[in-house]
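Thanks for coming. I will go through one structure this morning, starting with charged contacts and ending with the surface. Please have the picture open while I talk.

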Amino acid sequence: MTDSGGGVHSIVLWDAPVRIFHWSLTILIGCSWWTAETDRMAWHRWSGYAILTLLIFRLSWGVFGSETARFTQFLRGPSALIRYIRHSLLPKSPKLGQIGHNPLGGWSVVGLLTMLLSQAALGLFSVDTDGVESGPLADLLSFEQGRKAAHFHHLLFSLIQLLVLLHLAAILFYWLARQDNLIRPMISGRKEVPLAVPAPYRVGISRAALLAALALAVTILVINLPALLARL
Amino acid sequence: MGLHSKKAALGLTLLLLAGAAVALDAPQIISARQDSLKTLGKTVKALNEELGKPELDRALVVSDIQTIEKLAVALPSWFPAGSGAEAGVKTAARPEIWTSGDKFQQAASDFATQAHKLASLAATGDADTLKAQLKATGGTCGACHKEFKRKDD
């Protein structure tokens, strides 16, 4: 993006925690897929635990994190959503003075997070066809219930694949039709915006570390629930 | 009606009856097979959980292992020819069970061998020994499923 009259400046659009979250999740979804397809269930469980930790962290970062990570910053009501979609349909839409997730993208973030969280939760309860492999919470269910969980775990993955495709299609659309490269800022964090747009505020890395540690603690607690319950 | 045509009619009737019998049997065989495999899975899951507990309930462990061994021995009999997808019922059994020589029988016998080993440890083995042997036994389930079971869910 070159100077368009008013001048531009480079801002940190996505902070490090958001970017680390995004790319770790990308890699781990691939890992989960591959380990499931090749029956590496021990690794599949580890990958799932890591994803669960990431998701819990991202939810907390959506409340206590940097400006563009916060749900209150990018979740808009239906009227804003419709306005945005109408605006996007204009053949050469002028850029809006907003940064971060647009109203449509914001809801797709929520959609993806919800799907992935449900997927992780289902995995915790899933039982393999022969009862040999199971998620850490499957002890709390019967074999049939665990098989149902596995069935929905499998179905939901198809839906997640669809959402990921939509996500990629949107990126491609912004790249080709809007000349807006969304990938680069997700790697470097930086984006050039008009001078009139102020840099979003960022929260320190120590808070991210604390929240990540808490997320890990919650995951460890959850996967050890049957053992804890047995001790009571 | 001449003798020939009577004979032909009788033959045709018998043929139809036989056909009907096969058509009736296969769904029954398949559903019984699915029930047995479900029992097997259920038992393996229960045993896995039992072996994870701080104190073993030996009677429960022994009875679960006996169930597994019994089912492992019976397993090849659950797959008579004609009880595949051609029966017209939903089944995850792949045709390779009947078309790849004795590979399926070999896979089933691997399972029985491991199940026998598990049974020989049932009365005396500690949790870790049993867990390891259950894992080896479970490995034969997976190995057979990989080749002979359709991934349906």
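Start with E144(A) and K42(B), whose side chains meet in a salt bridge with 3.0 Å from N to O. A salt bridge here is a side-chain nitrogen of Lys or Arg within 4 Å of a carboxyl oxygen of Asp or Glu. E144(A) is in helix α6 of chain A and K42(B) in helix α1 of chain B, so this pair joins two chains. Helices (H or I, at least four residues) and strands (E, at least two) are DSSP runs, numbered from the N terminus.

Before going on, two remarks on how to read this. The model is predicted: local features need pLDDT of at least 70, side-chain atom pairs count only at pLDDT 80 or more, and totals for chains, interfaces and linings use all residues. Residues are numbered from 1 along each chain as its sequence is written, chains are lettered from A and ligands numbered from 1 in the order in which they are written, and side-chain values use heavy atoms, with hydrogens and water left out.

Back to the pair. Both partners are partly exposed: E144(A) has a relative accessible area of 36%, and K42(B) has 39%. The scale is this: buried means under 20% relative accessible area, exposed over 50%, and partly exposed in between (1.4 Å probe, protein chains only).

How many salt bridges does a search of the whole structure find over all chains? It finds 7. Another of them is formed by the side chains of D180(A) and K191(A), at 2.8 Å from N to O. That pair links distant parts of the chain, 11 residues apart: D180(A) is in the loop between α6 and α7 of chain A, and K191(A) is in strand β2, residues 190-194. D180(A) and K191(A) are both buried. In chain B, E49(B) forms a salt bridge with K45(B), with the closest N and O atoms 2.6 Å apart. These two residues are 4 apart in helix α1 of chain B, about one turn of the helix. K45(B) counts as buried, at 5% relative accessibility.

Next, chain B as a whole. Chain B has 5 helices and 0 strands. Of its 153 residues, 31% are buried. Take the contacts in chain B with a separation of 6 or more: residues 24 or more positions apart account for 74% of them. Contact means heavy atoms within 4.5 Å.

Now the inside. In soluble globular proteins, nonpolar side chains tend to be buried together. The largest nonpolar core in this model has 27 residues, and among those with the most contacts inside it are L47(B), I65(B), F79(B) and F104(B). Such a core is a set of buried Ala, Val, Leu, Ile, Met, Phe, Trp, Tyr and Cys residues joined through side-chain atoms within 4.5 Å. Which element gives the most to this core? That is α4(B), with 6 residues. As for L47(B), if we leave aside its neighbours within four places in sequence, its contacts include V61(B), I65(B) and L134(B).

On to the rings. There are 8 aromatic pairs over all chains. Rings of Phe, Tyr and Trp (its six-membered ring) pair if their centres lie within 6.5 Å; planes under 30 degrees apart count as stacked, over 60 as edge-to-face and the rest as tilted. The rings of W46(A) and Y49(A) have centres 5.8 Å apart and planes at 75°, so this pair is edge-to-face. W46(A) and Y49(A) are 3 residues apart in helix α2 of chain A, about one helical turn. W46(A) is exposed at 58% relative accessible area, while Y49(A) is buried at 14%.

The rings of F79(B) and F104(B) are also edge-to-face, because their planes are at 65°, with the centres 4.9 Å apart. F79(B) is in the loop between α2 and α3 of chain B and F104(B) in helix α4, so the pair ties together parts 25 residues apart in sequence. F79(B) is buried at 12% relative accessibility, and F104(B) is buried at 2%. Together with W98(B) and F148(B), they form one aromatic cluster.

D39(A) is not a glycine, yet its phi is positive, about 55°. D39(A) sits in the loop between α1 and α2 of chain A. Q179(A), also not a glycine, has a positive phi near 50°. Q179(A) is in the loop between α6 and α7 of chain A, and it is exposed, at 55% relative accessible area.

That is the end of my list.
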